[in-house]
Amino acid sequence: MTRSYQMLQLALLLLLLTACPSAEPSLDSQFSPDSGTASLSWDASAGTDVAGYKIYLATASGAYGTPIATTSADVTTYTVTGLATGTTYFFVVSAFNLDGTESTFSNEVSKVIP
């Protein structure tokens, strides 16, 4: 692959990312020490038309289904309660716009409930 072609691909990727209505949020991996809870926080999306965030939970890495919660654009924290002792949970967050277009998932973080 030529260098100019690689630069064009990178430019197209940057264009897609900046044109995307909801840029991928970054999830913080710091959790509450309380048993049975996980306090999540993430950086606000850089997108200008972000309507909110969707929080996903799974017990296997990458096995996300329906979001467990949705927040408005001005909320960048969420506390998950009722988590079972001895279970490892995985979390991701996505941003979405008013049309419902959803970003890719944030980085994945996990917590073992003691």
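Here is a short walk through this model, one selection at a time.

Before you click, know that this is a predicted model, where local features need pLDDT of at least 70, side-chain atom pairs count only at pLDDT 80 or more, and totals for chains, interfaces and linings use all residues. Residues are numbered from 1 along each chain as its sequence is written, and side-chain values use heavy atoms, with hydrogens and water left out.

**Stop 1: the whole chain.** Switch to cartoon view. You'll see one helix and seven strands, in the order α-β-β-β-β-β-β-β along the sequence. Helices (H or I, at least four residues) and strands (E, at least two) are DSSP runs, numbered from the N terminus. Of the 114 residues, 32% are buried; buried means under 20% relative accessible area, exposed over 50%, and partly exposed in between (1.4 Å probe, protein chains only).

**Stop 2: the largest core.** Select Leu40, Trp42, Tyr53, Ile55, Leu83 and Phe91, which touch the most other members of the 15-residue largest nonpolar core. A nonpolar core is a set of buried Ala, Val, Leu, Ile, Met, Phe, Trp, Tyr and Cys residues joined through side-chain atoms within 4.5 Å. Strands β2 (38-43), β3 (50-58) and β6 (88-97) each supply at least two residues here, and β6 gives the most, with four.

Now zoom in on isoleucine 55. Which residues is it in contact with, leaving aside neighbours within four places in sequence? They are Leu40, Trp42, Pro67, Ile68, Ala69, Thr71, Tyr78, Val92 and Val93. Contact here means heavy atoms within 4.5 Å.

Then pick out Tyr56, Ala58, Tyr64 and Val92: they're among the five residues of a second, separate core.

**Stop 3: the salt bridge.** There's one in the whole structure. Show lysine 54 and glutamate 102, whose closest N and O atoms are 3.6 Å apart. The term means a side-chain nitrogen of Lys or Arg within 4 Å of a carboxyl oxygen of Asp or Glu. Lysine 54 sits in strand β3, while glutamate 102 is in the loop between β6 and β7 (109-112), 48 residues apart.

**Stop 4: threonine 76.** Look in the loop between β4 (69-72) and β5 (77-80). Threonine 76 is partly exposed, at 24% relative accessible area. Leaving aside neighbours within four places in sequence, threonine 76 is in contact with Leu40, Ser41, Trp42, Ala44 and Tyr53.
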